[in-house]
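Hello,

Here is the structure I promised to pass on. My notes on it follow below.

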Amino acid sequence: MSDRLYIFDTTLRDGEQVPGCQLNTVEKIQVAKQLEKLGVDVIEAGFPISSPGDFNSVIEISKAVTWPTICALTRAVEKDIDCAAEALQFAKHKRIHTGIGTSDSHIKYKFNSTREEIIERAVAAVKYAKRYVEDVEFYAEDAGRTDNEYLARVVEAVIKAGATVVNIPDTTGYCLPREYGEKIKYLMEHVDGVHNAILSTHCHNDLGMATACTLEGVLNGARQVEVTINGIGERAGNTSEEEIAMILKCHHDLGIETNINTRRIAATSRMISSLMNMPVQPNKAIVGRNAFAHSSGIHQDGVLKNVETYEIIDPKDIGIDDNSIILTARSGHAALKHRLEVLGIELEGEKLDKIYEEFLRLADKKKEVTDDDILMLAGADRAAS
Ligand code: KIV
Ligand code: ZN
């Protein structure tokens, strides 16, 4: 089995569904370009049938991004698939992500249907999507609460119909990590033709176990993970992309590789937090403000003697540069531009000049201008433009 793990970033779809986190098309393009630099393999750009804004964003992101696959979500409904195919027309690499609920409660209450009919609808949707694109991903919504035997029948049927990736979502964040890992193992062992497709994890964090479940999925054979920056997403969020990337980097003995350039993690995290107005909790793993702050005397003493005593990650590996230039009233344009870039904000020309003027006014009043000050200046500028 290949040890390359594909990173499917759903910040702009599952992440953006959070109330208050909506971005406009220009902001989504900015995020998509940053995700491309970060090295994600797939960008889920939206759910085109859901709104004209989502449709338009998928079109514009498809034009703006070169090498990641652009993915659009649909229900297992022909008009959704037609709409997704149209929105993806300019993507260099495109994928349609279609699916249906497979747990008994979804079948009964959402679809008033039967297990057999759900398999027929799943197969029909995959075949219909294949008329437009080669790369079709199928999601079995609420797979976390779907019994394994039936789930295996669904997965086998959609792979036979041409699905290239099959997503096993723990939609409600219910599974225990061991249970989720066993689900993936069961599918790997019982689905005929499973090696003709990639199994994907998609975990929610309702019980705080999304990262653990995702990791168990990978250790049992999943080769794609669906994740978001800062773990944003509906309710308690989705699996956090930076946690998975850094777990695999720290535990390189697992032999599982991603294409993520981890040095871009901090900037990407800040960009998402500032554009979506969603602060990162200070003690959040990897990207929280306190993630590398040692405050107890014993820890400070140890770290000063040798960082390895209490630090498992070099902050530089995620793009936090301790030796970064300190910004003061004497700093020039170039220093400010560099700091903005480190924070995930790219500005040129007049916009940079304007922020620089505001920066000088602030620097005159303060000894040192912090990252938070700069983010505030950049945010104020965005709101005014
Ligand atoms: O959580 C979920 O089940 C989803 C699907 C629509 C993929 O987000
Ligand atoms: Zn989801």
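Ligand 1 is surrounded by Asp14, Tyr139, Glu141, Asn167, Pro169, Thr171, His202 and His204 (a residue is near if its C-beta atom, placed from the backbone, lies within 6 Å). Two elements give two or more residues to this shell: strand 5 (136-141) and strand 6 (165-170). Strands are DSSP runs of E, at least two residues, and helices are runs of H or I, at least four, numbered from the N terminus. By class, the shell has two nonpolar, four polar and two charged residues. Ala, Val, Leu, Ile, Met, Phe, Trp, Tyr, Cys and Pro count as nonpolar, Asp, Glu, Lys and Arg as charged, and the others, Gly among them, as polar.

This is a predicted model: local features need pLDDT of at least 70, side-chain atom pairs count only at pLDDT 80 or more, and totals for chains, interfaces and linings use all residues. Residues are numbered from 1 along each chain as its sequence is written, while chains are lettered from A and ligands numbered from 1 in the order in which they are written.

An unreviewed UniProt entry annotates Asp14, His202, His204 and Asn238 as "binding site" (positions use the numbering here, feature names are shortened, and annotations may be inferred rather than shown by experiment). They spread over 225 residues of sequence but cluster in space, with a largest C-alpha distance of 10.3 Å. Asp14 sits in the loop between strand 1 (6-9) and helix 1.

Now the helices. Thr25, Lys28, Ile29, Ala32 and Lys33 in helix 1 meet Asn56, Ser57, Glu60, Ile61 and Ala64 in helix 2 (contact: C-beta atoms, placed from the backbone, within 7 Å). That contact has four nonpolar, three polar and three charged residues.

Best wishes

Key
Contact = placed C-beta atoms within 7 Å.
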